[in-house]
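Me: I've got a model open and I'd like to learn how to read it. Can you walk me through it, one feature at a time?

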Amino acid sequence: MVEQLLTAAIAAGVGVVVYMGAAARVVKQYERGVVFRFGRLRDEIRPPGFAAIVPGIDRMRKVNMQIVTLPVPAQEGITRDNVTVRVDAVVYFKVVDPANAIVAVEDYRFAVSQMAQTSLRSIIGKSDLDDLLSNREMLNQGLELMIDSPAVGWGVQIDRVEIKDVSLPETMKRSMARQAEADRERRARVINADAELQASHKLAEAAEVMSDQPAALQLRLLQTVVAVAAEKNSTLVLPFPVELLRFLERATPAEAVPVPPESAPPVPPLAPTDTAVPPGLPPVPDPPPAPPAGAVDDAPSGTGTVNGSARPG
């Protein structure tokens, strides 16, 4: 009798151990347990720790409540300004309602991934290339709203969405590089022109000061010579000294001073070239020109002149 009782007690103990082993469940700190009894959802969500279910009747599914990092595959699309780009992103989400995450959607991870890809392609088509490159914060917020709207009914909360990379064609990269280079060159030219304008004003003021003090120009010339000679890689040749310039400047004659009329010497009268002839008389002929030296003149009296002396014929 005692043996039968002992055997029954051992069998009951083994049965209890087997039952407890089949009914015992351990829910981790970052998990929640959802229990289905005969296929129906129980209202009670099992907290972390030890949980017991009815073996063969109840079925528990554990839901991870941690933030999930879901990479979104690169999506290719055409922006609003007709540029083909490839954009990839990453989505951070977590489950806030374990019951809806199990009941409302078949696989909430796959559903969030597909929704993220669709929303990313939509964002690409609605945005310009400059927004994708420089205004990502606004695009991230818009993408988060587009994914979070349907995910609320799945018991999932979108924590953050980030656009990781934007891939451009090589031709577009070269065009953007040329545009940036041209813009920087334009700004450099504007800055250089502004510097030249300011320098011209300063040089004009310096010229006015040097015009009042001629020695300042000589000092400036000497400073220039010193600056050029400091390099020690060139030969400086001065073709004439500065003192020669000063000597030539002092030797330049002054402007002619007008002489008063009373101090001017008298001008002798010119000999008249024409003799007045009274009316009615023939004009007086001009005297014949003097013969050249050594010439012989024929005379009717048989006398002639040679070299200005008369001799008999």
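Me: Let's start with asparagine 82: is it buried or exposed?
Reply: This is a predicted model, so keep that in mind as we go. Asparagine 82 is exposed, because its relative accessible area is 66% and the cut-off for exposed is over 50%. You'll find asparagine 82 in the loop between β6 and β7.

Me: What is there to notice about the phi of asparagine 82?
Reply: The general idea is that most residues other than glycine have a negative phi. Asparagine 82 has a positive phi, near 60°. Phenylalanine 38 also has a positive value, with phi near 50°.

Me: Where is phenylalanine 38 found, and is it buried or exposed?
Reply: Phenylalanine 38 is in the loop between β2 and β3 (40–46). Its relative accessible area is 67%, so phenylalanine 38 counts as exposed.

Me: Now the sheet. In what order do its three strands run?
Reply: The order is β6-β7-β8, the sheet is open, and the pairing is antiparallel. β6 and β8 are the edge strands: each has a single partner, so one side of each has no neighbour in the sheet. On average, neighbouring strands are turned by 25° against each other, ignoring direction.

Me: How many bridges join β7 and β8?
Reply: There are 10 bridges in that antiparallel pair. For a landmark, find phenylalanine 93, which stands opposite isoleucine 158 in β8.

Me: Which strands does α3 touch as it packs on the sheet?
Reply: α3 touches β6, β7 and β8, and its direction makes about 35° with that of β6. α5 packs on the sheet too, touching β7 and β8, with its direction at about 140° to that of β8.

Me: And the nonpolar core: which residues touch the most other members?
Reply: The general idea first: in soluble globular proteins, nonpolar side chains tend to be buried together. Here the largest nonpolar core has 36 residues, and those touching the most other members include Val85, Phe93, Tyr108 and Ile158. Among the elements supplying at least two residues each are β2 (31–37), β7 (84–95), α2 (98–103) and α5 (136–151). α3 gives the most, with seven residues.

Me: What does valine 85 touch?
Reply: Leaving out residues up to four places away in sequence, the contacts of valine 85 include Gln75, Ile124, Leu129, Leu132 and Val166. There's also a second, separate core of five residues, including Val27, Val35, Ala51 and Ile53.

Key:
Residues numbered from 1 in each chain as written. Predicted model: local features only at pLDDT ≥ 70, side-chain atom pairs only at ≥ 80, totals over all residues. Heavy atoms only, no water. Core = buried A, V, L, I, M, F, W, Y, C linked by side-chain atoms within 4.5 Å. Buried < 20%, exposed > 50% of the residue type's maximum accessible area, 1.4 Å probe, protein only. Helix = DSSP H or I, 4+ residues; strand = E, 2+ residues; numbered from the N terminus. Contact = heavy atoms within 4.5 Å. Pairing = 2+ DSSP bridges. Axes fitted to C-alpha atoms, helices over the stretch in contact; angles between N-to-C directions.
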